[in-house]
Amino acid sequence: MAASKPVEAPGGGGGTAGLSRWQLALVLGAPILLGAGAIYLWGRRAARRGKGASERKTPEGRASPGPGGEGVSGQPDGPGHDEMSPLGRAQAAKNKGNKYFKAGKYELAIQCYTEAISLCPPEKNLDLSTFYQNRAAAYEQLQKWTEVAQDCTKAVELNPKYVKALFRRAKAHEKLDNKKECLEDVTAVCILEAFQNQQSMLLADKVLKLLGKEKAKEKYKNREPLMPSPQFIKSYFSSFTDDIISQPLLKGEKSDEDKDKEGEASEVKENSGYLRAKQYMEEENYDKIISESTKEIEAKGRYMAEALLLRATFYLLIGNASAAKPDLDQVISMEDANVKLRANALIKRGSMFMQQQQPAMSTQDFNMAADIDPQNADVYHHRGQLKILLDQIEEAVEDFDECIRLRPNSALAQAQKCFALYRQAYTGSNALTVQAAMKGFEDVIKKFPRCAEGYALYAQALTDQQQFGKADEMYDKCIDLEPDNATTYVHKGLLQLQWKQDLDKGLELISKAIEIDNKCDFAYETMGTIEVQRGNLDKAIEMFNKAINLAKSEMEMAHLYSLCDAAYAQTEVAKKYGLKPPTL
């Protein structure tokens with residue numbers, strides 16, 4: 001199974017605390033590094049132009065560049081004004097206010113700016129907007145946020161592209177907990193500044209995350225459980241080899257062992273809900289598994305521990321972690337149960353904790369799994385992934401090595417070990433070790449030519465190295481091996497955009513992914529991202545909403561809401577100010 005999301009370096013996703021999108025996706029159980037960082041989408045290209053990290057030199061001040069103080073506007077543009085004219089008297093009052101402002105006498109400054117506003121001729125829009133903006137700056141120093149917002153609104157009405165007034169109003173809205181209004185204002189600022197200023201970008205990112213979390217919390221609480229696609233479920237289980245519940249029914253558990261008539265399923269011998277659930281797994285009739293497992297549990301049948309683990313696993317797959325945890329807890333506490341069941345439950349609970357950003361509890365569960373079942377290769381494989389997320393690469397490699405020792409033919413562990421070493425070399429800008437890691441990938445795909453994962457990870461590394469042609473070949477290998485893997489088509493589509501700027505081909509491949517798997521949230525998310533870049537905001541919002549309805553965790557949903565809100569804010573800014581970011 002090929003990679004589900006583009007991989008970023010550990011610690012990526014904007015440098016914020018906690019786990020980025022690709023990191024969270026990994027711990028869901030898919031056997032490879034997943035991800036797409038939660039980035040303020042439409043600022044990506046501009047940020048790469050090299051000025052995104054610069055600090056705002058004068059976050060407050062006048063409507064257009066010119067001399068001025070840190071918090072308030074300076075002298076007017078152009079030649080001097082007649083001090084006896086109404087505008088001249090207004091400017092004099094403003095200048096007096098500036099002196100009070102710089103001296104920290106904000107109440108007196110406000111009085112002067114108010115006088116300037118009353119004296120200024122109403123047709124002098126730019127001057128009047130400056131006076132309102134200066135008074136807002138003084139109110140800001142007194143933390144009178146409602147007054148700040150009101151004066152900035154007056155300034156923007158007079159001068160709709162007044163960056164400093166928009167940014168000050170955004171900050172006031174943040175203080176007033178008006179997140180939607182804050183986002184719209186800071187979006188306008190980002191567009192006007194061509195995404196060159198880190199302060200406005202950081203505020204946008206902050207508000208988007210807060211909005212995303214709020215909306216996801218409400219939506220996720222009331223969401224209808226949704227079974228993932230068969231491709232996703234099979235990919236999930238393929239990451240385990242010591243998982244009893246995913247093994248086929250054993251001899252003696254079927255009544256008609258020799259039946260081979262097409263379309264005629266064997267019936268289980270016993271009246272066991274668990275064995276019926278296993279049979280439904282073989283038939284890919286996944287919707288019945290939770291109910292059949294529940295029958296076994298309620299009857300306290302022979303396979304109660306297995307049924308608890310199977311039910312918990314499918315609760316996790318449909319995104320119901322709160323229902324999964326009690327089942328996992330019970331299996332883990334059953335000291336007379338098969339140790340592999342308990343270890344598997346610990347792996348899954350540990351992955352769940354990591355997805356919930358509880359790395360200490362996650363680490364504790366993985367360590368306990370290693371203690372009770374030290375010969376279980378799955379423990380080291382999944383703990384190795386955890387260590388990558390925690391940026392503990394050397395320990396991750398040790399775990400992958402132990403997994404390989406216990407399971408020498410584990411192509412996946414060997415490929416992931418290569419990728420861990422590559423990431424370590426790449427982030428450390430070590431050309432020699434990067435070269436060695438790339439050779440490691442060649443060795444893995446030569447030794448395991450049927451391992452799609454090896455080609456997928458190698459393709460991502462090749463893309464990093466801008467070896468686009470060879471990366472494209474690796475994705476073709478993945479498609480040859482797994483033609484029904486939707487995410488590989490998404491990767492290949494993204495590659496066409498990065499490599500050849502071939503938008504049509506990229507969209508064609510991503511559309512193919514949706515055709516293969518209409519529950520592939522990554523495809524909808526990527527399509528939405530591209531539509532944002534193309535300026536098709538309504539279409540982008542539609543795609544993000546489809547991805548939201550398919551999200552497998554509250555945190556994934558929060559990320560998607562952030563993307564959707566970013567697109568929606570742009571539509572509002574376009575309507576109000578006629579502002580649009582650059583498009584593809």
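## Helix 21

In this predicted model, helix 21 covers residues 452–464, and at 1.5 Å a residue its 13 residues should span 18 Å; the end C-alpha atoms lie 19 Å apart, which agrees with that expectation. Twelve of the 13 residues are buried, so helix 21 is largely enclosed by the rest of the structure. The buried set consists of Ala452, Glu453, Gly454, Tyr455, Ala456, Leu457, Tyr458, Ala459, Gln460, Ala461, Leu462 and Thr463.

Which helices do the buried residues of helix 21 pack against? Their packing partners are helix 19 (411–427), helix 20 (431–447), helix 22 (468–481) and helix 23 (486–500). After helix 21 comes Gln466, which has a positive phi, near 60°.

## Cysteines

The disulfide count is zero. For Cys451, the closest cysteine sulfur is that of Cys478, at 8.7 Å; because a disulfide requires sulfur atoms within 2.5 Å, this separation is too far for a bond. Cys478 likewise has its closest cysteine sulfur in Cys451, at 8.7 Å, too far for a bond.

In soluble globular proteins, nonpolar side chains tend to be buried together. Here the largest nonpolar core comprises 55 residues, and those with the most contacts inside it are Phe237, Ile289, Leu310 and Phe314. Helix 13 (residues 304–317) gives the most to this core, contributing eleven residues.

With residues up to four places away in sequence not counted, Ile289 touches Ala277, Tyr280, Met281, Leu310 and Phe314. Another core, of 36 residues, lies apart from the largest one; among its members are Phe131, Tyr162, Ala165 and Leu183.

## Overall composition

The chain contains 27 helices and zero strands. Of its 584 residues, 58% count as buried. Among contacts between residues at least 6 apart in sequence, 61% join residues at least 24 apart.

## Salt bridges

How many salt bridges does the structure hold? The total is 39. In one of them, the side chains of Glu140 and Arg168 meet at 2.9 Å, N to O. This pair links distant parts of the chain, with Glu140 in helix 5 (residues 125–141) and Arg168 in helix 7 (residues 163–175), 28 residues apart. Glu140 and Arg168 are both buried.

Another salt bridge joins Lys179 and Glu214, whose closest N and O atoms are 2.7 Å apart. Lys179 belongs to helix 8 (residues 179–192) and Glu214 to helix 9 (residues 198–221), so the pair ties together parts that are 35 residues apart in sequence. Lys179, at 13% relative accessibility, counts as buried, whereas Glu214, at 44%, counts as partly exposed.

## A further pair and a network

Lys387 and Glu395 also meet through their side chains in a salt bridge, at 3.2 Å, N to O. Lys387 counts as buried, with 8% relative accessibility, while Glu395 is partly exposed, with a relative accessible area of 38%.

Salt bridges with shared partners also join Lys325, Asp329, Arg349 and Asp365 into one network.

## Asp243

Asp243 is placed in the loop between helix 10 (230–238) and helix 11 (273–282). Is Asp243 buried or exposed? Asp243 has a relative accessible area of 0% and is therefore buried.

With neighbours within four places in sequence left aside, Asp243 is in contact with Phe237, Asn344, Lys348 and Asp378. One of these partners, Phe237, is also among the residues with the most contacts inside the largest nonpolar core.

Terms used:
Residues are numbered from 1 along each chain as its sequence is written. This is a predicted model: local features need pLDDT of at least 70, side-chain atom pairs count only at pLDDT 80 or more; totals for chains, interfaces and linings use all residues. Side-chain values use heavy atoms; hydrogens and water are left out. Helices (H or I, at least four residues) and strands (E, at least two) are DSSP runs, numbered from the N terminus. The expected span of a helix is 1.5 Å times one less than its number of residues. Buried means under 20% relative accessible area, exposed over 50%, partly exposed in between (1.4 Å probe, protein chains only). Contact means heavy atoms within 4.5 Å. A nonpolar core is a set of buried Ala, Val, Leu, Ile, Met, Phe, Trp, Tyr and Cys residues joined through side-chain atoms within 4.5 Å. A salt bridge is a side-chain nitrogen of Lys or Arg within 4 Å of a carboxyl oxygen of Asp or Glu.
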